Amino acid sequence: MTASVFDHPILSGLLGDEEIGAQFAAVAELSAMLRFEVALAEAEAAEGLISSDAPAAISGLQETFTADIDALKQSIGRDGVVIPELVRQWRVALGEAGTDLHFGATSQDAIDTGLMLRLTTVLSILDQRLGAVIAALDGLNGRFGGKSLMGRTRMQAAIPIRVSDRLSSWKTPFVGHQAAVQEMLRSGLPLQFGGAAGTLEKLGDKAVAVRARLSDILKLSDRPQWHSQRAVIAEIGGLFSQVTGSLGKIGQDLALMADNGTAIIGGGGASSAMPHKRNPVKAEVLVTLARFNAVQISGLHQALVHEQERSGAAWTLEWMILPQMAIAAGASTRLAIDLLQSVEEMGDR
């Protein structure tokens, strides 16, 4: 058994998301950090700070280098970050060209930028899935929107409404969520590049030019270093939580509608003791994932407190929380699409 349900060999079938989870696998993380180093070499060579031959040599690592994972695991227990040992391994593989690797950068630059590259992929996946959720809701509206339904407030019958009224309340947040995701993708997640203490002191008067080139190569936004200013992490985590929260509302409503007979959901879960039952498993899990991410938000806000120029404690807390929030958002969208497409009937009979 693993400590996390998201990569558990059994529970991940319900709560995991292979597509988004892959962005938090070791191979994806190492690849993204190497992309940073290749782009950094290209930017610095263009500004005459390192050898013009260095970018090609460093880029070659993408095809030839295999990390010693055991050594990385041992070193992070000592260093608290993976980059010192990883840079050592890269430099051994590069030989003489290794002196130009990682020039002027610090561990946090490679790790945070690698995270932003992977989160860009995560957001692209969520953008597509949010569009699918909206399309599924539109499909339900086309099939059942005109049917009558008893509106309920505070769990009690209120006044008659249409199914379309409830579906509209479900859909509206997702239009906003998708717009927020698309704006993040349009503007680009931020490059992290500050050097040892955020001043890029080794680059001298070329610092701003290198940072601009680096952000352009990686297709990230060119912003000043944010080593200890972590609002972007809280913002992304907040978006994950809003998505799961809105899907949790749909899941809760559908579970209640299945209970009172105003919705019929196909493909329900079986019971070992009562073969006649079809449990609204996916609807229930949407509620669970919403509550899980809501709890994690407080942890990300704790991680906003980075002491002085850089923090180890708060940074490590982010590593524990944000990947699980991303996978929870992914699982939630995956389950929601299946759930909405399995609805067989909605409205009063």
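Which residues touch the most other members of the largest nonpolar core? The views below take this up.

**View 1. The whole predicted model.** This is a predicted model, where local features need pLDDT of at least 70, side-chain atom pairs count only at pLDDT 80 or more, and totals for chains, interfaces and linings use all residues. Residues are numbered from 1 along each chain as its sequence is written, and side-chain values use heavy atoms, with hydrogens and water left out. The protein has 13 helices and four strands. These are DSSP runs (H or I, at least four residues, for helices; E, at least two, for strands), numbered from the N terminus. Along the principal axes, the C-alpha atoms fill a box of roughly 75 × 40 × 35 Å. Of the 349 residues, 50% are buried (under 20% relative accessible area, 1.4 Å probe, protein chains only).

**View 2. The largest nonpolar core.** F193, F240 and L254 touch the most other members of this 101-residue core. Helix α8 (residues 107-144) gives the largest share, 17 residues. Such a core is a set of buried Ala, Val, Leu, Ile, Met, Phe, Trp, Tyr and Cys residues joined through side-chain atoms within 4.5 Å.

**View 3. Around F240.** Neighbours within four places in sequence are left aside here. F240 is then in contact (heavy atoms within 4.5 Å) with L119, V122, L123, L126, N293, L322, M325, A326 and A329.

View 4. Strands β1 (residues 148-153) and β2 (residues 156-162) run antiparallel, joined by five bridges. Strands pair if DSSP finds at least two bridges between them. R152 stands opposite A157 in β2. Two residues lie between the strands, and R154 in the turn has a positive phi of about 50 degrees.
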